[in-house]
Amino acid sequence: YATLSDFARVASSPRIRAGILENAVEMEIQIDCTTTVELLKGDLVMNNRTTSRGAWQSAALLALIGGVGVLALHKPTHAGQAPAPVAPPPGATVLFSGTEEEMKKNFVKRGTDQDGHWKIEDSAMVVGGGDITTRQKFADYQLHVEFKTPFMPDKHGQARGNSGIGLQGKYEVQVLDSFGLKTPGTGDCGSIYNQSAPLVVASRAPKEWQTYDIVFRRPRAGADGKLSKARVTVIHNGLAVQNNYEIKGATGIGSGADTDQPDVIIFQDHGNKVEYRNIWIVPLPEQGSSK
Ligand code: MG
């Protein structure tokens, strides 16, 4: 249970109240009013508990405005816990640990050879001024990324905390504020954009750090000479949201036919101030030994 005090930080702005309400109504909501809550306008008295959407909205709004009542709500059933920054394992290539130097050395402004230009604030890189990509191209790999979406309560759907990670220059693992959604879809956080919705709910709240661990397998020629599809497994906050998913083709963050050639990893500027930190990658061989 989260209590009202968890949301005290949000009580100062009408816009923020609206955001909490909107996220909350998408959650499995159960309200416990251990005391009777009298609404400020005096036109409704709520007793005990209710699960109705309208009642939740009223109670939450009034509790936030007036600080009245005792309010508790269930967190999403499968919400994972994001650990503190995950240290790169031995053998990993650190792409970004918080420095300007790494931004310039390891990233470029997308489609150019100019140094990566995103601002660094509090050791995080902040989306702004267009996409960046890794300078280096990668084939198969395990990629660790931590991200934080901004709190944008007056925005909705794809306009709320949108960014994304483009694998092999064309397949997007979506980054979005999808906190509180009961049934995330193919455009939500943890999706392969427009193709595959996350398997379970793992999103944390905006302004909280979240983790992606992405295992990518590029297309390659099989015994019959035909190119296989790319595959991806995505662990979001410790939960598997994509399970060896076979990617149908470019998702829109990039274009072109599937290829077995290594390519860059894109970090998308979708106009929202998403932040990234602690990015490392372990390039993987095509297969292990035959021992
Ligand atoms: Mg996106």
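Analyst: Start with a cut-off: buried means under 20% relative accessible area, exposed means over 50%, and partly exposed lies in between. Note too that this is a predicted model.

User: Why does Arg-204 count as buried?

Analyst: Its relative accessibility is 18%. The limit for buried is under 20%. Arg-204 therefore counts as buried.

User: What makes Arg-135 and Asp-115 a salt bridge, and what does the pair tie together?

Analyst: Their side chains meet at 2.9 Å, N to O, and the limit is 4 Å. Arg-135 sits in the loop between β11 (132–134) and β12, and Asp-115 in the loop between β8 and β9, so the pair ties together parts that are 20 residues apart in sequence. Arg-135 is at 36% relative accessibility and so counts as partly exposed. Asp-115 is at 38%, so it is partly exposed as well.

User: Where in the chain are Lys-229 and Asp-258?

Analyst: The side chains of Lys-229 and Asp-258 meet in a salt bridge at 3.1 Å, N to O. The pair links distant parts of the chain, 29 residues apart: Lys-229 is in the loop between β15 (210–217) and β16 (231–236), and Asp-258 is in the loop between β17 (239–246) and β18. Lys-229 has 33% relative accessibility, so it counts as partly exposed.

User: Turn to the metal. What makes a residue a donor of the magnesium ion?

Analyst: An N, O or S atom within 2.8 Å of this metal qualifies. The protein donors lie 2.2 to 2.3 Å from the magnesium ion. They are Asn-162 (OD1), Ser-163 (O), Glu-172 (OE), Gln-174 (OE1) and Gln-268 (OE1). Along the chain they follow the spacing N-S-x8-E-x1-Q-x93-Q.

User: Why is Asn-162 called buried?

Analyst: Asn-162 has 2% relative accessibility, and the limit is under 20%, so it counts as buried. Its place is in the loop between β12 (140–148) and β13 (163–167). Its contacts beyond four places in sequence include Glu-172, Gln-174 and Gln-268. The side chain of Asn-162 also makes a polar contact with the side chain of His-270, at 3.4 Å; the cut-off there is 3.5 Å.

User: Why is β13 described as largely enclosed?

Analyst: Five of its five residues are buried, so the rest of the structure largely encloses β13. Both faces are covered: Ser-163, Ile-165 and Leu-167 on one side, Gly-164 and Gly-166 on the other.

User: How do you know that β13 pairs with β14 and with β18?

Analyst: Pairing takes at least two bridges. β13 has five with β14 (residues 171–175), in the antiparallel sense. It has two with β18 (residues 266–267), also antiparallel. Gly-164 stands opposite Gln-174 in β14, and Gly-166 opposite Ile-266 in β18. β13 and β14 form a hairpin with three residues between them, and Gln-168 in the turn has a positive phi of about 45°.

User: What makes Trp-118 buried?

Analyst: Its relative accessible area is 0%, against a limit of under 20%, so Trp-118 is buried. It lies in the loop between β8 (107–109) and β9 (119–121). Its side chain reaches the backbone oxygen of Gly-130 at 2.7 Å. The backbone oxygen of Gly-128 lies 3.3 Å from a polar atom of that side chain. Among its contacts beyond four places in sequence are Met-103, Phe-267 and Tyr-276.

User: How many of the residues reach a pLDDT of 70 or more?

Analyst: 70% of them do, and the chain mean is 78. Over residues 1–58 the pLDDT is below 50. Over residues 64–80 the pLDDT is also below 50.

Note on methods
Residues numbered from 1 in each chain as written. Predicted model: local features only at pLDDT ≥ 70, side-chain atom pairs only at ≥ 80, totals over all residues. Heavy atoms only, no water. Donors = N, O, S within 2.8 Å, 3.2 Å for Na, K, Ca; no water. pLDDT = per-residue confidence, 0-100. Contact = heavy atoms within 4.5 Å. Helix = DSSP H or I, 4+ residues; strand = E, 2+ residues; numbered from the N terminus. Buried < 20%, exposed > 50% of the residue type's maximum accessible area, 1.4 Å probe, protein only. Polar contact = N/O pair within 3.5 Å; in protein donor to acceptor, adjacent residues only side chain to side chain.
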